[in-house]
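Me: I have a structure open and have not looked at it before. Can we go through it piece by piece?

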Amino acid sequence: MAPKKKPETNGNAALHKELLHHMLMQRRFEEKVAEAYALGKIGGFCHLYIGQEAVSTGILPLLRDDDYVITTYRDHGQALVRGMSPRSVMAELFGRVDGCSKGKGGSMHLFDRNVNFMGGHGIVGGHVPIAAGFGFAIKYRGGDQVAVCFMGEAAVNNGAFHEALNMAGLWKLPVVFVIENNKYGMGTAESRSSSTKEMYKRGDTYSMANALVDGQDVFAVREAAAAAIERARTSYEATLLEVRTYRFVGHSMSDAVSGTYRTKAELEEYMKRDPINLLKATMTAAGELDDAALQAMEAEIAAVVQDAWDFADASPEPPLEALYEDVLVETASS
Amino acid sequence: MPVITYRDALNQALREEMHNDDRVFLMGEEVGQYNGAYKVSKGLLEEFGEQRVVDTPITELGFAGVGVGAAMVGLRPVIEFMTWNFALLALDQVVNAAAKMLYMSGGQFPMPIVFRGPNGAALQLSAQHSQAWESWLAHIPGLKVVAPGTPYDAKGLLKSSIRDGNPIVFLEGEMLYNTKGEVPEEPYLIPLGKADLKREGSDCSIITSGKMVLVAMNAADQLAKEGIKVDVVDLRTIRPMDTEAIYASVRKTNRAVVVEEGWEICGIGAQVVDFIQRDCFDALDAPVLRVHQADVPMPYAKAIEKAAKPDVPKTIAAVKKVMYLEA
Amino acid sequence: MATKVFMEALSPTMEEGRLVKWNKNEGDAVKHGDVLAEVETDKAVMELVARGDGILRARLVAEGAAVPVGTLVGVIGTKDEDISALTAGAAASATSAVTPSAPAAAATPPTNAGAAASAPTPPPAAPVAASGSPTLAPAQSAASLSPARTIASPLARKLAGDKGVDLNAIHGSGPGGRIVKRDIEAIAAAASAPGAVAPPRKAAAGDYEDVPLTMIRKTIARRLAESIGPIPTFYLTAEIDLSRAAEMRAAAAELGDAYKVSFNDIILKATATALSQHPEVNAHWLGDHIRLHNRVHLGMAVATDDGLIVPVIFDANEKGLGAISKESKELAKKARERKLKPEEYTGSTFSVSNLGMMQIDQFTAIINPPEVGILAIGAIEDKVAVAADGGFEVRKKLRVTMSCDHRAVDGAVGAKFLQTLRRLIENPLLLVH
């Protein structure tokens, strides 16, 4: 399927504002996270979503509260759009006790049971069978929820991906598998790691519906996602979406933005298709957005992000006893 | 009291738990239509249907992950590995996902999942099909590791494992499935983390688990004929280990031999010895000895395979050595 | 939490101690490190120090009583805490331990609740940790002052401590001589077996005086009896001419008091030098091997009021005459004042005994195991000798007798050593050449 480019400009200004708000929130949050990392408030690995905001924003607002979302370690953006509070995410990044995972998980392991955000996983491809497990459980209970599974394009070459999609196709599990193809698996371009350039076509191998999507166009993402979610919800059928996007930053905070495995020229070329700018342009052209409104939105978002920072900074680190907590649950009876 | 096989004891446990709790399901290769590679799940597909007894493709990593996902959203999977040799492929799901989920989510997502299957050697199955993995898995915080050696223990422990609420590694044995023992008809549970003193004597402690319980008991019988009476401490649960039971025995006998199926280096016996030397140092009249598999991949040929395995004569020799008796 | 005060092993070979004097009374405040009591060991009088702070609540052993190492002798605690549990057990063992260690009558073999060495002997003892031997010390380290490390299982050690059995006196039945539980049990069983011997016809009171054995006396008796029994000893005597030594001595005296040396000093120096040239005699018999020592640590027997003790001059072969003279005087003084520390009377590789000052012409000394030889020095005498021109002259002579352990030293070996010794003493220039 060719990528669709029809923008949804049917005058739904409120929806568009909501989408813009989601994307700007992710952008500003991630910029603040980068600042915090540089100041030593965040340690270890930290993978930013900058440039990919349209993917999460195009898909997640379509879901119900009782649907499940699972993703990789590049999870901050998806966590925010799914409804996790910026405070609890920032506090988790800072490793504080008020973080969503009580400071025990960190950047790669954001979890929130309240919004069915199922993590934040560190092993490439490892969470994909788990997503199939959600699909299995939904069907087991005869429900109509949907599981959405985000992954990078490098996971597609992985054994776990193959096993999970095979079972999802075989057993007809209600899962939407979303490949966020940002062209690079860490430092390796997809052309050097994948035997096919069209990853979505691998869905054919699993007798699974599949599509290619322009990931910088939030409307295109939304349209493709709506179809996939509907398919899963009504007929227990899985879909494989390849969403082509780009990250404007390095793989993680320890990775150079450009100059190692990609050129500055390439980066600048892609930045011309900043998804936020694309949406702003569309909204402006439709008269849905003016400078004042944008400034107001930016100011409000800045305040929220600063508040998240302050909250995180004020939260204490977990106490020593927390070291031994939550290794096992107490057994109710024996 | 009925005398049934270890296999049937497990079958009963599965059946009872699946009746008790709709959330419990069995998933693995050949568990359904084939009635189980070792017939442990015989008749279950017929009784509970396809949704609850699920045949999988040969994809250990994949279906272990499906189990993890299902457990995360509140079901209670029992994931069968045809043997634990193959489970090596699923280790990412068992160790990186199941064992860690509760901790790294700050307590939000418990993992009520049982990974079960036969562990260790059978007869002439050669190197890739004869490995005893307990020490790999016992190393991991966030898991419990259970190894029943008798039908009675198998049933009670499997039921408790399914109810436990934590990720459990449940180690059975091909050579155990046909063994017989008394098993009550009424449902019963055996607590995890509690050893069982299967034989009493004050001359020496034999500490063991799983398949090796039979070896230890036979050795105990033979030693008794020579007037040597040993304690046989069946650990039943490897992690967490019932250290109090070990200490009580060693303090009484002043000497110990561990009989284990795995290899020497960093095997569970090494952990038992560490516990003993820390707590019972002054009670020891001799170093603690271990009887374990020879430090080689398992060979195919009959005689050398036998020579590689722990057995009754090696156990007896070790007991006599720690008693300073002539062999 | 109360601190228990035990009779501690204040010397490496101590099996029991006699509490000579309490320095603190019940009710006194004590601090960690304070001297609680003076205890007589097998070698000297040592200080028993407090290992905790508090009030000395109980003194469980009376002054003058001898108790085995490991006995509870006192309790330190807070003013009010209940220590009845501790003292109850102690009272029982204290009464049995307080018995004087003296034999009731001359013929009755001395029995002692603590010293299990007097029990029916177990199989031949492994090299006993003698008061003068670093049996297992590596040759290159500074003369290791710890006695031979007895190999025993942790349980056996604990049982031995509980029952007051001396591990050093046992040869274990486990691998490598390891002492194990059954060895301790065997000894404890034997020790408790009644060993009464009917005394002979009673001598009337007033015919005799009983002198209780001091710790030193007991140790000498035990150890040297062990020595002369199992060691196949032979004796070599040589008569040495002291003329040139006398000249050297006179010359030294002329230089001033600071340079005065005695004949004994010269002999010690010569012996040390000879030993450095004959390591086969500067050796220890260790049961399954002989250890030849490269360094010479010379034991020097000193008579004290209580008995014989052998302080050590370390690396005697490397010390000058002056140093040896000074050291030997200091050690002798300390010995007589009972102030020697264990590290000063253990570690010798060879010993020397001199009874010359008591006009003993010659004598045979008993070897100090695990050393393989000992030199006994007799009195210096003016003797008539044949002169170079065939006439007669008077010369100073001295006889030395060397006792040799034939397991390690053959006649020719011992003789060669004495040859060297004679040459050095008769030509003292060789000491500096």
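**A sheet in chain B**

Reply: Strand E13 (residues 256-259) of chain B is joined to E14(B) by three bridges, and the two run parallel. Keep in mind that this is a predicted model.

Me: Which residue in E14(B) is the bridge partner of Val257(B)?

Reply: Leu289(B) is the bridge partner of Val257(B).

Me: And what is the strand order of the open sheet in chain B?

Reply: The order is E9-E11-E10-E13-E14 in chain B, five strands with mixed pairing. Strand E9 (196-199) and strand E14 (289-291) of chain B are at the edges; each has a single partner strand, so one side of each has no neighbour in the sheet. On average, neighbouring strands are turned by 25° against each other, direction ignored.

Me: Which helix packs on the sheet?

Reply: Helix H11 (residues 268-279) of chain B does, touching strand E10 (204-208), E13 and E14 of chain B. The direction of H11 makes about 155° with that of E13(B).

Me: Back to Val257(B). What is it in contact with, leaving aside neighbours within four places in sequence?

Reply: Val257(B) is in contact with Cys204(B), Ile206(B), Leu289(B), Val291(B), Thr315(B), Ala318(B), Val319(B) and Val322(B).

Me: Which residues have the most contacts inside the largest nonpolar core?

Reply: Val257(B) is one of them, and the others are Cys149(A), Val175(A), Val176(A), Leu241(A), Phe115(B) and Ile206(B). That core has 214 residues. Its largest share, nine residues, comes from helix H9 (residues 218-235) of chain A. Another core lies apart from it, with 78 residues, including Val67(C), Leu298(C), Leu321(C) and Tyr345(C).

Me: New topic. How many residues does each of chain A and chain B give to the contact?

Reply: Chain A gives 36 residues and chain B gives 37 residues. On the side of chain A that touches chain B, the elements giving two or more residues are strand E2 (117-120), H5 and helix H6 (159-171) of chain A. H5(A) gives the most to that side, with nine residues.

Me: At what angle does H5(A) cross H3(B)?

Reply: The axes of helix H5 (residues 128-140) of chain A and helix H3 (residues 60-72) of chain B cross at roughly 55° and come within 6 Å. H5(A) is therefore oblique to H3(B). The crossing of H5(A) and H3(B) is right-handed.

Me: Which residues make that contact?

Reply: From H5(A), they include Pro129(A), Ile130(A), Phe134(A) and Phe136(A). From H3(B), they include Leu61(B), Val66(B), Val68(B) and Met72(B), and also Gly62(B), Gly65(B), Gly67(B) and Gly69(B).

Me: I also clicked on Val33(A). Is Val33(A) buried or exposed?

Reply: Val33(A) is buried, because 26 other C-beta atoms lie within 10 Å. Val33(A) is found in helix H1 (residues 13-38) of chain A. Leaving aside neighbours within four places in sequence, Val33(A) is in contact with Ile42(A), Cys46(A), Leu48(A), His76(A) and Leu93(A).

Me: How far apart are Val33(A) and Met90(A)?

Reply: Val33(A) and Met90(A) are 57 residues apart in sequence and 7.8 Å apart in space, C-alpha to C-alpha.

Me: Last one, chain C. How many helices and strands are there in chain C?

Reply: Chain C has nine helices and 18 strands. Of the 433 residues in chain C, 41% are buried. Among contacts in chain C between residues at least 6 apart in sequence, 66% join residues at least 24 apart.

Key. Residues numbered from 1 in each chain as written. Chains lettered and ligands numbered in written order. Predicted model: local features only at pLDDT ≥ 70, side-chain atom pairs only at ≥ 80, totals over all residues. Pairing = 2+ DSSP bridges. Helix = DSSP H or I, 4+ residues; strand = E, 2+ residues; numbered from the N terminus. Axes fitted to C-alpha atoms, helices over the stretch in contact; angles between N-to-C directions. Contact = placed C-beta atoms within 7 Å. Core = buried A, V, L, I, M, F, W, Y, C linked by C-beta atoms within 7 Å. Buried ≥ 20, exposed ≤ 12 C-beta atoms within 10 Å, placed from the backbone. Parallel < 35°, antiparallel > 145°, perpendicular 65-115°, else oblique. Left-handed = near helix turned anticlockwise from the far one by under 90°.
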